[in-house]
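Please look through the sequence and the model shown here. The paragraphs after it go from single residues to the whole chain.

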Amino acid sequence: MKKILVSLLMLSLILAGCGPSKASEKELQNLPNLSSQTALVLVHGTGGGTGTFDGFSSTFIDKYKVSNQRISLKISTDGKLNYYGTLTKNAQHPIIQIGFEDSIDATITQQADWLRIALKDVANRYGFTKFDGVGHSNGGLVLSTYAQKYAKATPELKRLVAIGSPFNDLESDDNAGDLTFDDVPKTTPLLRTYEDNSSKISPDLLVLSIAGDVDDDSFSDDIVPVLSALGSRLIFKGHSKVYLESYYKGEEYDHRTMFANPDIQKKVAWFLYDYPGNKKEIQLAKNE
């Protein structure tokens, strides 16, 4: 699969002025039990890091006020974890920004396995039993792989948002068609794997898939074809409890900065915190 360079924020890979937290046994015992809370886990795409979603999480904390605390967690290739910050007993919908040491050469499956290591540790520390996930680009693929491979694991993935994720890779010829598609011209091995494992998806999962179109006749967000981003339709629809799509058209919906777009952030906040989760499938919602 072609690699995607997704972030213009490479100078903020590590939270400024904050070193990794190495908690002692006593400190671990004193961490709060947040089992009543649903954590929000943010997963970057290729080339990103723990700071990629800084602006995104700040918006959720300062503007939408749906969360009040965040931490970052870096995962090395050998599974070692570095925490940046701690959560308190007053945390509401705490945000966890994930960072992979290898976000370029590692496979999606490897990153999903590392994510599992991280979330298991987070659950042991704070007692989380459930979480929501937002992934940009390949981060959406990581969460989608997690949703299939670890559907029955604790903490349980409840709501998944994929922003500009290339479910059918990047070739335009493989993704030719219009928004009413019920199949792609060519199913890549990546999409085929997801389709073959779609029965493993939790029937309680709620999914929102977001596609961008920069309106330059490429029918893409300048990197990911629209049909590839909405290839999630062929994976989750009919298998998850809810499958929703949003399609945004305009030069401001460029792949590299989609997750920072105010319209998209507003839609994600609605889906995570206002949408009641009733069983309803919406194939397409334009710029809502």
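In which loop is the place of H93? H93 lies in the loop between β3 (81-84) and β4 (95-100). This is a predicted model, in which local features need pLDDT of at least 70 and side-chain atom pairs count only at pLDDT 80 or more, while totals for chains, interfaces and linings use all residues. Residues are numbered from 1 along each chain as its sequence is written, and side-chain values use heavy atoms, with hydrogens and water left out. Helices (H or I, at least four residues) and strands (E, at least two) are DSSP runs, numbered from the N terminus.

Some backbone angles deserve a look. Most residues other than glycine have a negative phi, and most peptide bonds are trans. H93 has a positive phi, near 45°. With 28% relative accessibility, H93 counts as partly exposed; buried means under 20% relative accessible area, exposed over 50%, and partly exposed in between (1.4 Å probe, protein chains only). D215, in the loop between β7 (206-213) and α6 (226-229), also has a positive phi, near 60°. The relative accessibility of D215 is 49%, so this residue counts as partly exposed. A cis peptide bond, with omega about 5°, joins T154 and P155. P155 sits in the loop between α4 (138-149) and β6 (156-163).

R125 belongs to helix α3 (residues 108-126). Is R125 buried or exposed? With a relative accessible area of 18%, R125 is buried. The side chains of R125 and Y83 are joined by a polar contact of 3.4 Å. A polar contact is a pair of N or O atoms within 3.5 Å; within protein, one must be able to donate a hydrogen and the other to accept it, and residues adjacent in sequence count only if both atoms are side-chain atoms. R125 and N33 are 92 residues apart in sequence, yet 7.9 Å apart in space, C-alpha to C-alpha.

N168 is in the loop between β6 and α5 (189-196). N168 is buried, its relative accessible area being 0%. Its side chain reaches the backbone oxygen of D174 at 3.4 Å. Leaving aside residues up to four places away in sequence, N168 touches D174, N175, V184, K186, T187, T188, L191 and S228; contact means heavy atoms within 4.5 Å.

Two packed helices are described by the angle between their axes and the distance between the axes. The axes of α2 (residues 54-63) and α8 (residues 262-273) come within 11 Å and cross at roughly 60°. Axes here are lines fitted to C-alpha atoms, for helices over the stretch in contact, with angles running from 0 to 180 degrees between N-to-C directions. Helices α2 and α8 are therefore oblique to each other; angles under 35 degrees count as roughly parallel, over 145 as roughly antiparallel, 65 to 115 as roughly perpendicular and the rest as oblique. On the α2 side the contact is made by F56, T59 and F60, and on the α8 side by Q265, V268, A269, L272 and Y273.

The last step is the whole chain. The protein chain has 8 helices and 8 strands. Of its 288 residues, 57% are buried. Among contacts with a separation of 6 or more, 79% are between residues 24 or more positions apart.
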